Amino acid sequence: MTLLLPPRRLDRQVDDPSGIPAYPRIALTGVEKAGKSYEAAKASNSDLIGATYWLEVGEDTADEYKQLGRYKIVRHDGSYMDILDAVRYAVAQPRGADGKPNMIVMDSVSMLWELLCDEQTAVARRRANERKAPPDSELTITADQWQKAKSRFKDVINTLKYHDGPVLLLARLEDVVLFDGDKPTRERAWKIKAERSLPFECTAVVQLRARDSAFLTGVRSLNPNLGNAHIRPLPGFSVDKLFRDLGMEQRVTRSTYVASNAEAFITEQAQRLDVLDDLPDDPTADQLWDLIKLSFKTGKPEYLHRLRAFYGQGLLSRRQVPGKDGLRLAADAIENALNILAQRTGAASAQPDRGQGAPAAAGAEQSNPAQDAQLPCTTPDCPTPKDRVRPYANGARCNQHSPQQEAERRSAAANQAFAEEWQTTAQEVDPSAGWPPVAFTDDAFDDEQEGPDQGATVREEHSTAEPPAPPTPVQMFWDEAAAQARVLGLTVDKHLAQLAPPGSTASQVPVSRLGAHLLKWRPVVASTLRENGHADIAEQYAQLDRRMPAQEAASILNAAQ
């Protein structure tokens, strides 16, 4: 049920787009002796850039072209790890006194890819030797080896994405024959000799098919002068001119690129955080306790808040979980855990409930009474003296304005509003169902209740475990809605989609319309039960007829699991 989970972070940064292009990464490709390195050396003279750092991989022209431009050559020992470290060195170089961005030239990525392929050939040869294969046997490079080579190539490209300046990636271009299966055809195409994803990683791709014959074959830019043609000739091509066409003469900024972190998945699995993003609809007591402990161990209150928002205070105040000191209500365990986290972080001098404990509560710091006495009630103009104020996880309050008291007041108001609105909205029931309006008993709303979207009811202190509170009328509705969705093979969101405001979730469905919706779907659910071989359960469910709310509705449907 991942779709129903609220976000972990509510302080996430959200920005308006700047409309400013990032520094370009240009793939400058070409056939032999077409002038790739020549154009790169001349580009270092551009007044748009400061210093240029040149990395040679499998090439040796940088020293010869000194008179063409101003650049520095970053040396390495030819191994992949040292090449990657040289890239990191170039990216880390600060700008000069003029404040202009540095440029990085890699000549060439074709030879880098060839190096990575040779590495995997060496691995394949070693494996063949280990299994004592014949010397003339064909070497096999497996899929996992190709994936390794691609990953190492991607590490270099991703490092260059963090560079705060333009990047030139020189690559070899080949005119190749196209094949139909294993048969050559008469068609030919230009192919970049590098890892195939290279064009996707670049702002622009330029092909030098011959000396003084340049073509722009791909570009990401809003500049209309660059044209919309798939292949565009570039007469009088120079890298400096392309820089200006891409907006570097005006205002540019560093890339907003953030590398994906696949290794985080391993950490999430080790900490079992992935479990907290795939919560069960109807957890057992052991599952719920395990989720509370996992949420607490993260040290982040947002995980506990998500549990409370997902399952609702109604379920948590009725479900008991097994703890070190015996059974306690899940709502209490979550509140105690929040208090301890608040105490640890200093957000409030929270004092855990005596005798109840909390997940991993051993060793937790106790609140300081002297400090507690200095905290005022958070309710404006509250006359309660400071020495009578008790600290809570959500701030210091007096007993009169504690979360429990406020929740009870909201609960009573919600009950009254719901009772008034239901008498009108119950008329929305489909007339074809043949059910008359629903009649309520006098005591239908005597118990305090809390809908999933009405805040959290907190039980403050329990020296011993209390019996679960009976379900409220509203909670009966939500339980039956979840049970109906389960029988129909739907999520609760989809089952209640026509009731929820656009872009909202099931927790935002108006409770006053929920009963009529459930009544309309009862015949459909009963029919589905019969089709699935649960005729006896369907008969029990049909006997509920027009009674609403029905406490046993959810338990009847859950028996069909």
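Biologist: Which residues does Val-74 touch, not counting residues up to four places away in sequence?

Modeller: This is a predicted model, in which local features need pLDDT of at least 70 and side-chain atom pairs count only at pLDDT 80 or more, while totals for chains, interfaces and linings use all residues. Residues are numbered from 1 along each chain as its sequence is written, and side-chain values use heavy atoms, with hydrogens and water left out. Contact means heavy atoms within 4.5 Å, and once residues up to four places away in sequence are set aside, Val-74 touches Tyr-53, Trp-54, Leu-55, Ala-86 and Tyr-89.

Biologist: Is Val-74 buried or exposed?

Modeller: Val-74 is found in strand E3, residues 72-74; helices (H or I, at least four residues) and strands (E, at least two) are DSSP runs, numbered from the N terminus. Buried means under 20% relative accessible area, exposed over 50% and partly exposed in between, with a 1.4 Å probe and protein chains only. Because its relative accessibility is 10%, Val-74 counts as buried.

Biologist: Which residues are in contact with Ser-37, leaving aside its neighbours within four places in sequence?

Modeller: Ser-37 is found in helix H1, residues 36-43, and, with a relative accessibility of 12%, Ser-37 counts as buried. Leaving aside its neighbours within four places in sequence, Ser-37 is in contact with Trp-54, Thr-61, Tyr-65, Asp-107 and Leu-170.

Biologist: How many helices and strands does the chain have?

Modeller: The chain has 561 residues, and buried residues make up 43% of them. Among contacts between residues at least 6 apart in sequence, 63% join residues at least 24 apart. The secondary structure of this chain comes to 16 helices and 13 strands.

Biologist: Which peptide bond is cis, with omega near 5 degrees?

Modeller: Most residues other than glycine have a negative phi, and most peptide bonds are trans. Ser-108 is found in the loop between strand E4 (103-107) and helix H3 (109-130). The cis bond, with omega near 5 degrees, runs from Asp-107 to Ser-108.

Biologist: What is the phi of Lys-132?

Modeller: Lys-132 lies in the loop between H3 and helix H4 (143-161), and at 76% relative accessibility Lys-132 counts as exposed. Lys-33, in the loop between strand E1 (25-30) and H1, has a positive phi of about 60 degrees although Lys-33 is not a glycine. Lys-132, likewise a residue other than glycine, has a positive phi near 55 degrees.

Biologist: At what angle do H3 and H4 pack?

Modeller: Two packed helices are described by the angle between their axes and the distance between the axes. Axes here are lines fitted to C-alpha atoms, for helices over the stretch in contact, and angles run from 0 to 180 degrees between N-to-C directions. With their axes 10 Å apart, H3 and H4 pack at an angle of about 150 degrees.

Biologist: How are H3 and H4 directed, roughly parallel or roughly antiparallel to each other?

Modeller: Angles under 35 degrees count as roughly parallel, over 145 as roughly antiparallel, 65 to 115 as roughly perpendicular and the rest as oblique. On their packing angle of about 150 degrees, H3 and H4 are therefore roughly antiparallel.

Biologist: How many nonpolar, polar and charged residues are in the contact of H7 with H8?

Modeller: In that contact, Leu-288, Leu-291, Ile-292, Ser-295 and Phe-296 in H7 meet Tyr-303, Leu-304, Leu-307, Tyr-311 and Leu-316 in H8. Ala, Val, Leu, Ile, Met, Phe, Trp, Tyr, Cys and Pro count as nonpolar, Asp, Glu, Lys and Arg as charged, and the others, Gly among them, as polar. By class, the contact of H7 with H8 has nine nonpolar, one polar and no charged residues.

Biologist: How far apart are the end C-alpha atoms of H7?

Modeller: The expected span of a helix is 1.5 Å times one less than its number of residues. The 13 residues of helix H7 (residues 285-297) should therefore span 18 Å, and this agrees with the model, where the end C-alpha atoms of H7 are apart by 18 Å.

Biologist: Which elements are included in what covers the buried residues of H7?

Modeller: The buried residues of H7 are Leu-288, Trp-289, Leu-291, Ile-292, Leu-294, Ser-295 and Phe-296. What covers them includes helix H8 (301-316), strand E10 (320-323), strand E11 (326-329) and helix H9 (330-345).
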